[in-house]
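Please look over the sequence and the fold shown here before reading on.

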Amino acid sequence: MQTKYTALLESYQLPNGIEIKNRMMMAPMTNYSSNPDGTVTDAEVAYYARRAKGVGAVITAVANITPGGKGFPGEIGCDRDELIPSLAQLAKSIKSQGAKAILQIFHAGRMSPSDQVPDGDVTAPSNIPAERAGTLGVVPRELTETGIEEIIEAFGQATRRAIEAGFDGVEIHGANGYLIQQFFSPHANRREDQYGGNIEKRMTFPLAVIDNVQHAVKEYANAPFIVGYRFSPEEPETPGITMGDTLQLVHVLSDRGLDYLHVSLQHFWSKARREADTSRTRIELLLETINKRVPLVGVGSLYTADDVAEAMKTGIEFIGLGRELLIDPEWVQKIESGNEADINTTLDLNGKEALDFPDPFWKVITSVPGWVPGVE
């Protein structure tokens, strides 16, 4: 291995004492490959096991915490105890390859397709439709306070199931326009109660979810258990989340006892757009705000060893590899063995079997010209 890549493979101790063997994580990506009842398939397990061999941790695709929170067909389920054996199979397959297994938990909110939730009951903080493809024209039902409290509790129960299934941690999905982000968003959240209004009130729901998840860890985990939080820095909608809003949220999150924060970006070097210094990258602004209080995971179009080495120079603690591990599951191992020049950076469209892709995921990739996997 070349010296310039040493930083990529250094171990790191999280705030709770768990050691991650290197700075590479598999980023969460929707793969559409679970059974209709939410159980994982053998092909899905093989897909994760193959990509767990080099990275320090694997963050799974989203797992819905309630039947009404489902966001995709073929989604992992963690909404009932009957799914614990299935979750255990997934956790075991990842951990057997030497990586930490982290289950990403979420509720899709107004981003739920009506045909994926019981009775087509799409819910959200307010009855404001999303302005995104696939949900246009769907007016969600505004959640009652009781409904909100039930969802907060469901995040804790999903965490309990992850613990019982043998996962090393959970990642709370507060990004990509889903329910937790919707509560923080001035576009999606027009409430006038304790869960809406000014920016502090719009943080109420995300912070309550974190508290409930952490409470579940204290109650059910017999060993250190990772709790991470993913967020998107800005929204395109007006009104919408600005970089200034996110820096305020991240400042608060940095003191909430989390084990890492994870920013969702299409491009690692992208710059702020609103209410922040637009000459600086979002990563730079986030690292400055966090100020070493909690580790940060960055992601976004970093394909080669040199791409990641350059990103690590920012001082960021972890890099999430998404599309890169789809294209080349041995990405990390090739750096370890000094064969980084052999890393593949374009997907072999004839390589389904060689790359251990489940059929549903492969069909999505090959059915859309120029399709890029959605990083969740």
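Contact here means heavy atoms within 4.5 Å, while helices (H or I, at least four residues) and strands (E, at least two) are DSSP runs numbered from the N terminus. The model is a predicted one, in which local features need pLDDT of at least 70 and side-chain atom pairs count only at pLDDT 80 or more, whereas totals for chains, interfaces and linings use all residues. Residues are numbered from 1 along each chain as its sequence is written, and side-chain values use heavy atoms, with hydrogens and water left out.

Helix α1 (residues 42-51) is largely enclosed by the rest of the structure, because seven of its 10 residues are buried, that is, under 20% relative accessible area with a 1.4 Å probe and protein chains only. The buried residues are E44, V45, Y47, Y48, A49, R50 and R51, and they pack against β3 (24-26), β4 (57-64), β5 (76-77), α2 (84-95), α10 (323-327) and α12 (359-367).

Strand β11 (residues 260-263) is covered on both faces, with Y260 and H262 buried on one side and L261 and V263 buried on the other. Pairing requires that DSSP find at least two bridges between two strands, and β11 pairs in the parallel sense with strand β10 (residues 226-231) over four bridges, L261 being the bridge partner of Y229.

Key
Buried means under 20% relative accessible area, exposed over 50%, partly exposed in between (1.4 Å probe, protein chains only).
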